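Open the model in your viewer and keep the selection panel handy. We will go stop by stop, picking something to select and then looking at what is there.

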Amino acid sequence: MPLLAQVKQANNPIIFADVPDMSMIRVGNIYYMSSTTMHMSPGLPIMKSTDLVNWRLVNYAYDTLANVDALNLAHGKSTYGRGSWASSLRYHNGIYYVTTFAQTTGKTYIYTTANIEKGPWKITAFEPAYHDHSLFFDDDGRVYMIYGGGKLKLIELNADASGIKPGTAEQVIIENASAPAGIPIGLPAEGSQLFKVNGKYYLFNIAWPKGGMRTVIVHRADKITGPYEGRVVLQDRGIAQGGLIDTPNGKWYSYQFRDYGSVGRIPYLVPVTWQDGWPVLGVNGKVPDILDLAANKSLIPGIVASDEFDRKKGEAALPLVWQWNHNPDNKHWSVTDRKGFLRITTARMDTSFLLARNTLTQRTIGPQSSAVISLDISKMKAGDFAGLALLQKRYGLVGVQYSGDSKFIVMINAETEQPVEAQRIPLSQNIVYLKAACDFREMKDTAHFLYSLDGKSWTAIGTTLHMAYTLPHFMGYRFGLFNYASKEAGGYVDFDFFRISNE
């Protein structure tokens with residue numbers, strides 16, 4: 001008998017990278033997903049998949065959220081951990097809607113387009129910022145948002161979702177949405193996502209009982225205004241916060257994410273069956289590690305990618321995998337000033353890496369990942385510092401510092417939240433290669449830095465960085481390319497390439 005063809009299966013997590021607060025839709029045979037990138041620009045990423053497992057970036061809803069000091073890293077201000085938060089993605093009457101809210105500006109944002117992959121996007125913004133809201137188009141043409149924490153509220157919007165419907169008032173629909181999880185509660189129910197299935201309304205939330213784990217709660221009702229009855233539908237490894245998606249062949253899944261240490265919040269898919277009008281998540285209450293879906297492909301180049309900075313005519317200056325730490329100063333970076341290189345020029349004096357503008361980032365990925373850069377430092381000025389970082393509040397970096405009349409390769413370790421110079425090595429050439437290597441296996445959360453003078457032979461530098469996911473930054477670690485000045489503006493460095501691997 002012939003051997004049976006090996007069945008290809010997917011593994012959880014479906015994305016071993018920081019893609020939190022997912023909102024997902026299916027349009028025909030295509031799936032789209034939005035996520036949170038907070039203080040990064042461009043922001044509100046849109047990802048696409050044909051199989052629910054393998055995703056690639058196709059767009060962002062905005063280039064910059066707003067022009068304010070905190071988003072511009074200006075006058076000593078920053079918006080780490082804030083910016084725009086959990087989004088809601090919907091498709092209605094040929095129009096794509098993706099909405100978010102921002103503590104930084106105190107506003108709710110509605111982005112709309114007829115072409116989610118190419119845009120353009122129309123933006124509407126209004127006060128207040130509706131926390132963790134879910135946009136919902138009902139069958140009768142009315143449009144709502146459900147939002148809040150613990151006490152969940154409903155507000156009606158205009159028919160085109162352009163703002164609050166005149167004359168309407170918010171109403172409480174669930175007084176204590178955390179109740180099904182028991183007491184005491186550490187994090188009240190939030191992360192609302194509302195769905196309508198077979199005429200019933202299903203509202204997904206997350207709560208976090210004290211001493212317990214992140215928990216998925218579902219409330220259901222016959223009317224959008226309630227009354228709602230709720231139950232816990234999943235408690236497993238803290239995998240929680242998401243919603244429902246169905247496949248063209250009638251299968252159901254719930255998309256959720258899991259806090260996984262310093263790499264960030266990573267997406268899982270959970271099979272869903274229906275029993276007595278309730279969604280039943282998982283297999284015997286557990287999230288399976290293997291799914292009957294297409295096999296996972298590499299996250300390179302779908303979510304992250306190497307870059308030789310060699311642009312062809314008509315290509316975007318930066319591929320979608322790149323995001324700036326806060327808003328960039330577009331006058332002081334270029335991929336055309338020197339063909340095949342990314343140039344970052346200093347425009348001001350900065351006192352620290354975390355407040356320096358124009359740091360260009362990509363996600364780290366698990367279970368292991370490393371990045372290598374080639375750096376031309378011949379046009380640095382005294383006081384400049386440039387190189388490769390792992391960005392979070394407890395950051396680490398390896399770079400070239402022009403100090404006095406000399407240049408040095410320097411490793412900085414800020415795992416104590418204070419930068420400590422771990423090692424300094426004199427440098428007498430203008431081309432240097434730098435490497436950062438991360439290990440997220442079983443939440444080991446360590447990173448090492450290396451340098452090379454020829455791109456072939458590598459030498460470790462400094463100390464081990466013990467990475468930690470901190471709430472002030474609220475984001476998984478990112479590789480970052482940086483250059484900032486401490487004495488005189490106008491110096492620049494040229495990055496020849498950025499090469500990422502899952503090793």
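Helices and strands here are DSSP runs numbered from the N terminus: helices are H or I with at least four residues, strands are E with at least two. The model you have open is predicted, so a local feature needs pLDDT of at least 70 and side-chain atom pairs count only at pLDDT 80 or more, while totals for chains, interfaces and linings use all residues. Residues are numbered from 1 along each chain as its sequence is written, and side-chain values use heavy atoms, with hydrogens and water left out.

**Stop 1: the cavity**

Two terms come first. On a 1 Å grid over the protein atoms alone, a cavity is a set of points where a 1.4 Å probe fits but cannot get out, whereas a pocket is an open set with protein on both sides within 12 Å along at least five of seven lines; a lining residue has an atom within 4 Å of a point. Grid points are joined across faces, edges and corners, and a volume is the space filled by probe spheres set on the points.

How many cavities of 30 Å³ or more are there? The count comes to one. The largest cavity holds about 90 Å³ of space. Select Ala86, Ser87, Gly191, Ser192 and Gln193: of the 14 lining residues, these lie nearest the centre of the largest cavity. The elements giving two or more residues to this lining are β7 (88-92) and β15 (185-197), and β15 supplies the largest share, three residues.

The lining of the largest cavity then has two nonpolar, nine polar and three charged residues.

**Stop 2**

The largest pocket has a volume of about 540 Å³. Now select Ile25, Arg90, Tyr91, Phe195 and Lys196, the closest to its centre among the 18 residues that line the largest pocket. By class, the lining of the largest pocket has 12 nonpolar, one polar and five charged residues.

**Stop 3**

Select Tyr32, in strand β3 (residues 30-34). Is Tyr32 buried or exposed? Buried means under 20% relative accessible area, exposed over 50%, and partly exposed in between (1.4 Å probe, protein chains only). Tyr32 is buried because its relative accessible area is 6%.

Show its contacts next, meaning heavy atoms within 4.5 Å. Leaving aside neighbours within four places in sequence, Tyr32 touches residues including Ile25, Ile46, Trp55, Leu89 and Glu117. Draw a distance between the side chains of Tyr32 and Glu117 to find a polar contact of 2.6 Å. A polar contact is a pair of N or O atoms within 3.5 Å; within protein, one must be able to donate a hydrogen and the other to accept it, and residues adjacent in sequence count only if both atoms are side-chain atoms.

**Stop 4: β5 and its partners**

Select strand β5 (residues 43-49), where seven of seven residues are buried. Strands pair if DSSP finds at least two bridges between them. β3 and β5 run antiparallel, joined by four bridges, and Tyr31 has Ser49 as its bridge partner in β5. On to strand β6 (residues 56-62): five bridges join β5 to β6, again antiparallel, with Ile46 opposite Asn59 in β6. β5 and β6 form a hairpin with six residues between them, and Leu52 in the turn has a positive phi of about 75 degrees.

**Stop 5: backbone details**

Leu73, in the loop between α1 (69-72) and β7, has a positive phi of about 50 degrees although it is not a glycine. Gln241, in strand β19, also has a positive phi, about 85 degrees.

For cis peptide bonds, select Gly119 and Pro120, where omega is about 5 degrees. Then try Gly226 to Pro227, with omega near 5 degrees.

**Stop 6: the open sheet**

Finish with eight antiparallel strands, in the order β4-β24-β27-β36-β29-β30-β31-β32. β4 (40-41) and β32 (420-427) stand at the edges with a single partner strand each, so one side of each is left without a neighbour in the sheet.

Conventions: Ala, Val, Leu, Ile, Met, Phe, Trp, Tyr, Cys and Pro count as nonpolar, Asp, Glu, Lys and Arg as charged, and the others, Gly among them, as polar.
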